[in-house]
Amino acid sequence: MKPALTKIGAQMSNLTGVRAIMKDIVETLRASAGQELYNLSAGNPLILPEVEQLWRDCTADLLASEEYGEVVCRYGSSQGYAPLINAIAKDFNQRYGLNITDRNVLITAGSQSLYFYAANAFGGYTVDGDLKQIVLPLSPDYTGYGGVCLFPEALVAYKPTLDIDAPAHRFKYRPDFTQLSITEQTGCVIFSRPCNPTGNVLTNDEVHKIAALAAPYNVPVLIDSAYAPPFPALNFTEMTPVFGENILHCMSLSKAGLPGERIGVVIGDEQQIQVLESFQTNVGIHSSRYGQAIAARAIESGALANIAEAVIRPFYQKKFDVLESTLDAAMPKDLPWFLHRGEGAIFAWLWLQDLPMTDWEFYQELKKVGVIAVPGSTFFPGLQEEWEHKHQCLRISLTGSDQEIETGMLRLAKVAEQVYQRATVGV
Ligand SMILES: Cc1ncc(COP(=O)(O)O)c(C=O)c1O
């Protein structure tokens, strides 16, 4: 039976952005069973033995404790499990010299739901019928922002400027402050730092500048720190989290080995935290208490931050090094290819300037040689204007083995060479 859907029902049951591509990828993987495929599309983190062991140890500790029944047999507060909130407040106060209390922290059911609460609490229509925008100051950005607002017309993204180092075949996106507009019509601002899909890390100056533009209008700025220090610490360049009165510092334990437990964290102003907490009560009551209880142990002991620095970061940084050196050696020097500076996260972002076909067609060409990466055009949620650059990029996941990344990039280089060559000879 096909149910009749409301406008919101139709919109929310749509697959947006990368989810639509993932369907094609899953079907490709299924259809090519037995065939050798280099799947460099995944956003799912790998299971690292040391990280898995940490969560096993924390679970054993929880199972042996008297707390167990209270954790799993009872509902708790929507704000989150108190020992986890206290552990985070203490850790952040010590680490970053803050002065936060338990009232400044909210635990959500994964950080994706946190962006859904914020997008709809701060963005969309006011009681007076005015549209409050959700501003993404630097496009491309996390594809998941594309589906979070019940009123998609609220989402507005800004084209970046490009810092290009042509001889090195590298580039970096920067926010275009000549265009970025944050006004009384802005409901909130969101960006990821480090960024999925590009690996970009906005500088502290850029972050302060964005926060300062939003401050006069009391606009919350959500800094999506899903890959940031102190955990999972997937920054390959020096970076420190930025806090402030209108900043909501948003974290996720997913890339620190707990994606299955759905734990997001937001640190910020008490009144904003309360709004998000009430939203969460209405949507889903609270996040898994089991996950929260083991996270409390890993943070309280300092083990999570240590493993993030000693294991998680170097693991993915090495993958980026393999990818970068393979491309440098294999890509023809005369092609206009540019790798985004690998400053963090678990992806590489490749720009093929003047690509003589769309990113989607290039993705199909790659599939023919057994390589799967994600066409970049899915990572520009909220960017209304046409921009050819949108169809010239590719996201490559660092979750493959070294050998998969190396072979995948060698094949990609060959495909790129052929594609540009075919275009010049007009075939
Ligand atoms: C930048 C970014 N933000 C948020 C999320 C959502 O993560 P979760 O809901 O698991 O916390 C992801 C997941 O890949 C991400 O890459």
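Guide: A definition is needed first: two strands count as paired if DSSP finds at least two bridges between them. The model discussed here is predicted.

Visitor: In which sense do β6 and β7 pair, and over how many bridges?
Guide: Strand β7 covers residues 170-174. Between β6 and β7 the pairing is antiparallel, and the number of bridges is 5.

Visitor: Which residue of β7 is the bridge partner of Ile164?
Guide: Along this pair of strands, Leu162 stands opposite Tyr173. For Ile164, the bridge partner in β7 is Phe171.

Visitor: Which residue in the turn of the β6 and β7 hairpin has a positive phi?
Guide: The hairpin formed by β6 and β7 has 4 residues between the strands. The phi in question is about 60 degrees, and the residue in the turn that has it is His169.

Visitor: Which strands stand at the edges of the open sheet?
Guide: The sheet has 6 strands with mixed pairing, in the order β6-β7-β12-β13-β16-β15. A strand with a single partner is left without a neighbour on one side, so the edges are held by β6 (161-165) and β15 (374-375).

Visitor: Is Arg170 buried, exposed or partly exposed?
Guide: Arg170 lies in strand β7. A residue is buried with 20 or more other C-beta atoms within 10 Å, and exposed with 12 or fewer. Because Arg170 has 18 such atoms within 10 Å, its class is partly exposed.

Visitor: What is the C-alpha to C-alpha distance between Arg170 and Phe338?
Guide: Not counting residues up to four places away in sequence, Arg170 touches Asp165, Phe338, Leu339 and Arg341. Arg170 and Phe338 are 168 residues apart in sequence, while their C-alpha atoms are separated in space by 4.7 Å.

Visitor: Which residue in β9 is the bridge partner of Ile190?
Guide: Strand β8 (residues 186-192) runs parallel to β9, and 4 bridges join them. Both faces of β9 (residues 221-224) are covered, with Val221 and Ile223 buried on one side and Leu222 and Asp224 buried on the other. The bridge partner of Ile190 is Leu222.

Visitor: How far apart are the centres of domain 1 and domain 2?
Guide: Domain 1 comprises 7-47 + 311-426, and domain 2 comprises 50-306. Taken over C-alpha atoms, their centres are separated by 26 Å.

Visitor: Which element gives the most to the side of domain 1 that touches domain 2?
Guide: The contact takes 38 residues from domain 1 and 40 residues from domain 2. On the domain 1 side, two or more residues come from each of α1 (7-12), α10 (303-330), β12 (337-340) and β13 (347-352). With 6 residues, the element that gives the most is α10.

Visitor: How many nonpolar residues does that side of domain 1 have?
Guide: The side of domain 1 that touches domain 2 has 11 polar and 5 charged residues. Its nonpolar residues number 22.

Visitor: How many polar residues does the shell around the ligand have?
Guide: The ligand is surrounded by 14 residues, and the closest are Gly110, Ser111, Gln112, Ser252 and Ser254. By class, the shell has 3 nonpolar residues and 1 charged residue, and its polar residues number 10.

Conventions:
Residues numbered from 1 in each chain as written. Predicted model: local features only at pLDDT ≥ 70, side-chain atom pairs only at ≥ 80, totals over all residues. Near = placed C-beta within 6 Å. Nonpolar A, V, L, I, M, F, W, Y, C, P; charged D, E, K, R; others polar. Domains from an automatic or database assignment. Contact = placed C-beta atoms within 7 Å.
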